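Let's take a friendly walk through a protein model. Have the sequence and the 3D view ready as you read.

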Amino acid sequence: MEKLTIEQTVVTSKQKIGNTTLKEPWLIRLILTTISLLFLLIFLVLPLVTIFITAFKKGLDVYIASITEPDALSAIKLTLLVAVIAVPINTLFGIAAAWAITKFNFRGKNLLTTLIDLPFAVSPVIAGLVFILLFGAEGLFGDLLSNYNVQIIFSLPGIILASLFVTVPFVARELIPLMQTQGTQEEEASISLGAGALTTFLKVTLPNIKWGLLYGVILCNARVMGEFGAVSVVSGHIRGLTNTMPLHIEVLYNEYQFSAAFAVASLMSLLALFTIIIKNIIEWRTKQ
Amino acid sequence: MTTTFFHKKRLTVLPGFKLSIGFTLLYLSILILLPLSMLFWNTMQLSWHDFIKIISDSRVVASYKLTFGTSFLAAIINVFFGTIIAWVLVRYDFVGKKLMDGLVDLPFALPTAVAGIALTALYAPNGWIGNLFPFKIAFTPIGIIIALTFIGLPFVVRTVQPVLQNFSTESEEASASLGANRWKTFIKVIFPELIPAILTGFTLAFSRALGEYGSVVFIAGNMPMKTEITPLLIMTKLEQYDYPGATAIAIVLLISSFMILLIMNIIQWLANRKYSV
C-alpha cells in the first residue's frame, strides 16, 4: 500500500514538473549556446579559415609552386617516410601492450599502464633532448657511433626515434579500454577448439578491435606527421635533407615567405580535417 | 606463493603472454626509460652548486613563472568554457552542432606549428583579431595564453562530455520534484558529479601546456625575461651546445609535470571519496 502511494506521488509530481523544470530557461540556453559557438568560432574556425585564405592569397600559381618546389617536396617525402616507418612500429607495440595488459593478470599492471602514458607528461623538447644525450656527439654512445660512422642525431634515425617516443601511447590507449570490455572468453573458446594463436588473433580479436585500432593508428599518424618540438631538436634543420613538413613551415615562416608557409600548412590542415572525419565515421560505425 | 613483477598470476589457455609482455617491456625500456634516465644521469654529473646556479638563474626563473602562470590561466579558461561547451553539445540542439562537436578535436589533430602560425597571423597587430584591440596580443603573455587555450580545449570538453552523456536524469528529476530550482539543481546535483571529470580535464590541459612548444614559439615573441617559455629556453641552450644547462632546466620541468599529475591524482582521489555516497 505504502509503496504504491509513493510511486503515485512520484508520478503525479513528475507530471507537474513536466519538462520545463528539467531544462534551463530559454534565455539561459540562448546565452550558453552563443558563448559556446563564439568560443569555438574564434578559437577553432577562424584559425582554420586564416590558414587557407593566407595560403591562396597570392593566387593558385604561387600555391602550387610553394608545394612543388624541391625543398617542399623533400619535406613531404621525409614526413611520409617517417610516418611509414614509425606508425607501424607503434601500432605493433600498441597491440602487444594491449594484449598483455587486457588478456592476462599480472602484478605491476598499473605501473605498466602508467609507463605507457608517460610520454604524454614529457615536453616534446625534452623528448628530443634525451636522444641527443644518448646519441649526440657528446652523448653516451657518441664515440661508439662516430667510430662506426653511424649517424643518428641530425638524420633520419633520430627523427624516427623522437617521433616514436612522443606517439608510444596512442594505439595502446585506444585498444586497452576496448579490449578490457571484451574480456577473454571468445579467444579462450577459439583456442580450446584448436585454433592457433595467430588464427585466433586474426579471426577473433582483430574483427572486434578493428575500429578502435584504426582510430588509434590515425591519431598516431597525425601526431607523427605533425610533430614539431621533438623532431626540431634532433633534426638539425638541414634543408632538403632533414626538414619534415612542420620544420619546413617554420623555415618559410621565419624567412617571411608567409604564402608558402601557409600553403604547406594548408596541406597539414587537410590531414587534420581528414583525421577528424575518419574519427567521426568510426564513431558512427561503432554506434551502429 | 609470492608472485614476482610481470609474472602471470593465473593460468589461462591464451597464448602470447611471454611474447607480448617481453616485447612491451623491452620496447619501453629502450625507447622511454633508457633515454629518460639519461636526463637524471647527466644531471648527476653536475655538482649541486652548479645545478642550483643553472636552475635559479633569473632568466630561467622568469621562464618558469611565465610557463606555469600562462599554463594555469589557460587551463582555468578551458575549464570554464570547456564545461559550457560540453554542456551545450550534450544537452541542446542547434544547427551545425555535429560540425562543432567534430571540430573540438582540431587541436589534437592539427600540427602545433600550423596552429602556431595561424594564431599568430590572427592575433598579430595587423591580424583580423589583433587589429580590433588597442593593445598588443601576439608577442605578449596574452598570446601565449591564447595558444595554450587552443591546445588544451579538447582535453576538458572530451573528459566532461561523456560524463554528462551518461548522467541519469533521475536525480535531476528528484531534485526538481523536491522543489529545487534549476540553478540549485545544477549546483547541488549535477556539478558535484562533474567535478572529477573537470579536474582530470584541467590536469591534462595544464600538464600539456607546461611542455608545449610548437604552438607557442611563433606567437610568444620569445623575449628573454618577458615572453620566453621554459621549453624554448631548453631549446636555446641546446642550440648553444650548453647540454648541462639544457638538462638541468629540463629535469626541473619534467619533475614539475610529474608532481602536478601526482597532486591532481591525490585531489581526485579525495574528491571521489567526498562525493561518493
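Predicted model: local features only at pLDDT ≥ 70, side-chain atom pairs only at ≥ 80, totals over all residues.

Domain 1 of chain B covers residues 13-45, and domain 2 of chain B covers 47-275.

How do these two parts of chain B touch? Six residues of domain 1 of chain B are in contact with seven residues of domain 2 of chain B. Together the two domains of chain B bury about 570 Å² between them, and 83% of that area lies on carbon and sulfur atoms. On the domain 1 side, Leu39(B), Phe40(B) and Thr43(B) lose the most area to domain 2 of chain B, making up 74% of what that side buries.

|---|---|---|
| α13(A) | 245-254 | Pro246(A), Ile249(A), Tyr253(A) |
| α6(B) | 112-123 | Ala113(B), Val114(B), Ile117(B), Thr120(B) |

Two packed helices are described by the angle and the distance between their axes. The axes of α13(A) and α6(B) come within 9 Å and cross at roughly 30 degrees. Angles under 35 degrees count as roughly parallel, so α13(A) is roughly parallel to α6(B). The residues of this contact of α13(A) with α6(B) divide into six nonpolar, one polar and no charged.

Conventions:
Residues numbered from 1 in each chain as written. Chains lettered and ligands numbered in written order. Heavy atoms only, no water. Axes fitted to C-alpha atoms, helices over the stretch in contact; angles between N-to-C directions. Helix = DSSP H or I, 4+ residues; strand = E, 2+ residues; numbered from the N terminus. Parallel < 35°, antiparallel > 145°, perpendicular 65-115°, else oblique. Contact = heavy atoms within 4.5 Å. Nonpolar A, V, L, I, M, F, W, Y, C, P; charged D, E, K, R; others polar. Domains from an automatic or database assignment. Buried area = accessible area lost by both parts, 1.4 Å probe.
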